[in-house]
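Let's take a walk through this model, starting with its charged pairs and ending inside a sheet. Have the sequence and the 3D view open as you read.

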Amino acid sequence: MNYLSVEHIARSYGERVLFTDISFGINRDQKIAFIAKNGTGKTSLLNIITGKEEPDAGQVVSRNGIHIAFLPQEPDLDPQITVEETIFASDNKTLQIIHEYEQALLTPEDQEKYQQAFEKMEAHNAWDFETQYKQMLFLFKLDNLEQKVGSLSGGQKKRLALASILLNTPDLLIMDEPTNHLDLEMIEWLEAYFARENITLFMVTHDRYFLERVCNEIIELENGQLYQYKGNYSYYLEKKEARIQAEKASVEKAKNLYSKELDWMRRQPKARTTKSKSRIDDFYKIKEKANQRRKDHRVQLEINMERLGSKIIELHNVGKSFGDKTILDKFDYTFKKGERIGIIGKNGTGKSTFLNILTGHLAPDSGKVVIGDTVKFGYYTQSGINIKPGQKVIEVIREFGDYIPLTKGRQISAAQLLERFMFDRKKQYDYVEKLSGGEQKRLYLCTVLIQNPNFLILDEPTNDLDIITLNVLESFLLDFPGCLLVVSHDRYFMDKIVDHLFVFRGEGIIEDFPGNYSDYRIYESSTPATKEEDTPAEPRKTWKKDSNSTLSYTEQKEFKKLEREIKQLERDKKEAENRFATGELEGDAIDKQSILLQEIIDAIDSKTERWFELSMKMEGDE
């Protein structure tokens, strides 16, 4: 069944032609991803499909009576209303009935109004729906229903917009970069939800694991032409490589790009389906693989960066808090040459704060950060580029440097670097203010790289970048010989370039894990070590420990007691989650159950942290 047809549309801005004579259809149960380079019209196409813009030619025809919803990159929500009012602001009939019933409860003296509202609830079976929307808001960590939208973070607003859309069960859901501003846990939930639900999707996304696991068709806009691939991301890579090889005029570089990308996809582990027989075996296998990964890469771009001395960066007992919220607690770490560290953790656990302390943009509350004399930072922040009116692309780059030195006296000029990141010679003389959002991020990235840093820090570098640019960036970073520190929610990107992770747990707890993101997910999915004989021989490091002391008799008793308590709490947590899954909870019972579940989770976290402290002491004793 056809839901929507795009028929021969065209769009131009002045002399700049984005596309002409574009046609395709969206049918029921299709999950389509739309791929194109930044600046070639992705956002314009979405705006035309959703009726926000008119095409220069052609038309968009949708089936009568279908419900179409659109999730933009930046949700347009009313900042003056609450989380719950935002849910009720939609045109969903059931939600309106629930709202009428809740209003009737506020005036119990009006029995006729209450009776009418009650009968509507019964007739439309709205009791179950009320439970459903409260459960979803709890799942999306939006349990404060009275919180004003204006006080929410970017990630919370995205989750609220998404929850509102999913509750309205649209026939066709159109999304622009749905994973932006979401943490990894939320992305994985959304990925699993879309993979299992019979929902029709049309989306723009650069998240390649999302493309791999959710989409069953990919449409690519390239050089004004549409190419359709009836499969997921691996299938797209394979068929695109074959198409490029069939086109005689294509360059060898393009062939190699998709060949390497396809090879990488085929070699990746399936993190969420792999079950390992023991955490100890997992740990050592992952550590060995992490050490081997970099040796497999063939360096193509031999960057001759400034020398990095023996002392790089040392953090000694660093602490940082904002009010009652602890970000770092006695954090110690000494960076070594060539380290490639990824930083992961839920939104709000302090990842960007950590980077700002590291680079001197923010002072710690306690402890000290010692930076070696030879360290030269390159810091890509989420704030983006500062646009100056009338400035051209090439002029922006040359403000920061003219070239990057390579070995044997070679170099990459500013113009060559721009070409490598898809700014051709003509584009280099465009005005910066005319660039798309993704193109501006790409230019900002070039300004950081042209400075030839030896310690590169990237804070969410993949947001708004197209897949081709991401491939180029990954190749550049694999050749980068200095230290690399990356915060990213792009699992594919992290898997490809980092060797180990800092896992921000919150409350000042940071774990050092020896592997990439998929390695970490495999390890986390293994059976928890709750028995003494299953205790890892080499646990992940935490920065709340005293590894030089042994267990006293009292601590030994505490250790065994903690094992029993954690095991019981895990059972309690599962039972509490199962009660949510039944859908039988209503009203106040949901709130009480939510509070109980959070108390159980907090207790597990607290006792597990203490268990790790004691286990580290046991290791010191051995």
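A salt bridge here means a side-chain nitrogen of Lys or Arg within 4 Å of a carboxyl oxygen of Asp or Glu. Before we use that, some housekeeping: this is a predicted model, where local features need pLDDT of at least 70, side-chain atom pairs count only at pLDDT 80 or more, and totals for chains, interfaces and linings use all residues. Residues are numbered from 1 along each chain as its sequence is written, and side-chain values use heavy atoms, with hydrogens and water left out.

Start with Asp464 and Lys441, which form a salt bridge whose closest N and O atoms are 3.1 Å apart. Asp464 sits in the loop between strand 17 (455-459) and helix 16 (467-479), while Lys441 belongs to helix 15 (residues 437-449), so the pair ties together parts 23 residues apart in sequence. Helices (H or I, at least four residues) and strands (E, at least two) are DSSP runs, numbered from the N terminus. Both Asp464 and Lys441 are buried, meaning under 20% relative accessible area, with exposed being over 50% and partly exposed in between (1.4 Å probe, protein chains only).

Across the whole structure, a search turns up 30 salt bridges. Another one joins Arg208 to Asp490, with 3.9 Å between the closest N and O atoms. Arg208 is in helix 8 (residues 208-214) and Asp490 is in the loop between strand 18 (483-487) and helix 17 (491-497), so this pair connects parts that are 282 residues apart in sequence. How accessible is Arg208? Its relative accessibility is 0%, so Arg208 counts as buried, and Asp490 is buried too, also at 0%. Contrast that with Arg425 and Glu419, whose side chains meet at 3.0 Å, N to O: Arg425 is partly exposed at 47% and Glu419 is partly exposed at 36%. There's also a network of salt bridges linking Glu191, Asp207, Arg213 and Arg491.

Now for the sheet. Strand 7 (residues 200-204) has five of its five residues buried, so the rest of the structure largely encloses it. In a regular strand the side chains alternate between the two faces of the sheet. In strand 7 both faces are covered, with Thr200, Phe202 and Val204 buried on one side and Leu201 and Met203 buried on the other.

Who are the neighbours of strand 7? Strand 3 (residues 31-36) pairs with strand 7 in the parallel sense over four bridges; two strands count as paired if DSSP finds at least two bridges between them. Strand 6 (residues 172-176) also runs parallel to strand 7, joined by five bridges. Leu201 is the bridge partner of Lys31 and of Leu173.
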